[in-house]
Amino acid sequence: MMTFDNEVELSKVSRTHPNAKMVLRIATDDSKSSARLSVKFGAPLKSCRHLLEMAKNLNVDVIGVSFHVGSGCNDPKAYVQSISDARLVFEMASEFGYKMWLLDIGGGFPGTEDSRVTFEEMSAVINPALDLYFPEGSAVEIIAEPGRYYVASAFSLAVNIIAKKEVQLDCSGSDDEETCPNKNIMYYVNDGVYGSFNCIFFDHAHPKPILHKKPSPDQLLYNSSLWGPTCDGLDQIAEHLQLPELQVGDWLLFDNMGAYTVAASSTFNGFQQSRIHYAMPRAAWDAVQLLQKGLKQVEEKENICAPMSCGWEISDSLCLTPAFAPTRII
């Protein structure tokens, strides 16, 4: 099974894989997505009839339609328009004798709780559109590609401050010289844009650090920036952060680092990729151990709270209902 969206690809497949099952990928309006994909892939709706006719003449079997509204979609209506367009392509295909049976609605689903549009809000728009254009009994199999939805919140990244530099400021003439921070601070950490933070470039991410040690209310905050370990001046993670003064050896935590991070990281400048450590609440771990010992049923327990260790002590507890929960990866 392969996709196509142009004449050249269709001709190539007909020559080299004449028995292939083909899926026609159509373009979408992905203007409100963080990573636009239709600039590279997807046939305009107006060219689909010609492509289907060409496929028929080449005796190529077209079994369905696919689309992708872009990664990190912020407009659920983009799915509705694309599903409607897919219905039109199905009708075009039937004119050429095709009985297509597959619809791939792609990805773009959010994977974090702070997303501009929630997964539930998207589902509330997508499902009625599918019911309208591809109702039950239409003999069409519907699939999706929810990559970000599954992995974005599964990873947290812990970085260590390996160096710091203070840039002195002149506070003379300030309205409040006593509370004026007299320096900017640059922190260098052991991961950067050539590693897990490549999401800044490739996924338009804006990672925000969480302090390992909560600052006291009276601590002075300094204008701070975070930098990766490589020689490249572009290796900057964040700037204009208001942070208390941190020390070499302190840790910073970044949540929701599962999508488009380690998958595209490199060893540029000789720095190794981040190690992955798996962690889960003790209640879930105990349940897994019971299953591995051959027990077929595990008694469900509600409101189980157990501390979780992620390389350092965390005072918070996780409450799980039921005992199984997605693992947290650092």
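Two strands pair if DSSP finds at least two bridges between them. Strands (E, at least two residues) and helices (H or I, at least four) are DSSP runs, numbered from the N terminus. The model is predicted, so local features need pLDDT of at least 70 and side-chain atom pairs count only at pLDDT 80 or more, while totals for chains, interfaces and linings use all residues. Residues are numbered from 1 along each chain as its sequence is written, and side-chain values use heavy atoms, with hydrogens and water left out.

**Exercise 1. The open sheet**

Task: Find the order of the strands in the open sheet of 5 strands, and state which strands are the edge strands.

Solution. 
- Step 1. The order is S1-S2-S4-S6-S7, and the pairing is parallel.
- Step 2. Strand S1 (2-4) and strand S7 (141-143) are the edge strands, since each pairs on one side only.
- Step 3. From one strand to the next, the twist averages 30 degrees. Angles run from 0 to 180 degrees between N-to-C directions, and axes are lines fitted to C-alpha atoms, for helices over the stretch in contact.
- Step 4. Inside this sheet, strand S4 (residues 61-66) pairs with S6 in the parallel sense over 3 bridges. Serine 66 has aspartate 104 in S6 as its bridge partner.
- Step 5. Helix H3 lies across strand S2 (21-25), S4 and S6, and runs at about 165 degrees to S4. Contact here means heavy atoms within 4.5 Å.

**Exercise 2. Salt bridges**

Task: State how many salt bridges the structure holds, then describe the pairs of arginine 36 and glutamate 91.

Solution. 
- Step 1. A salt bridge is a side-chain nitrogen of Lys or Arg within 4 Å of a carboxyl oxygen of Asp or Glu. The structure holds 10 of these salt bridges.
- Step 2. Arginine 36 forms one with aspartate 30, and the closest N and O atoms are 3.1 Å apart.
- Step 3. To describe exposure, buried means under 20% relative accessible area, exposed over 50%, and partly exposed in between (1.4 Å probe, protein chains only). Aspartate 30 is buried because its relative accessible area is 2%, whereas arginine 36, at 45%, is partly exposed.
- Step 4. Glutamate 91 forms a salt bridge with arginine 87, with the closest N and O atoms 4.0 Å apart. Both residues lie in helix H3 (residues 77-95), 4 residues apart, which is about one turn of the helix.
- Step 5. Glutamate 91 is partly exposed because its relative accessible area is 40%. Between glutamate 91 and arginine 49 the C-alpha to C-alpha distance is 9.8 Å, and they are 42 residues apart in sequence.

**Exercise 3. Aromatic rings**

Task: Classify the ring pair of phenylalanine 109 and phenylalanine 119.

Solution. 
- Step 1. Rings of Phe, Tyr and Trp (its six-membered ring) pair if their centres lie within 6.5 Å; planes under 30 degrees apart count as stacked, over 60 as edge-to-face and the rest as tilted. The count comes to 7 aromatic pairs.
- Step 2. The centres of the two rings are 5.9 Å apart and the planes are at 70 degrees, so phenylalanine 109 and phenylalanine 119 form an edge-to-face pair.
- Step 3. Phenylalanine 109 is buried, at 6% relative accessible area, whereas phenylalanine 119 is partly exposed at 26%.
- Step 4. Ring pairs link Tyr79, Phe109, Phe119, Tyr149 and Tyr150 into a cluster.
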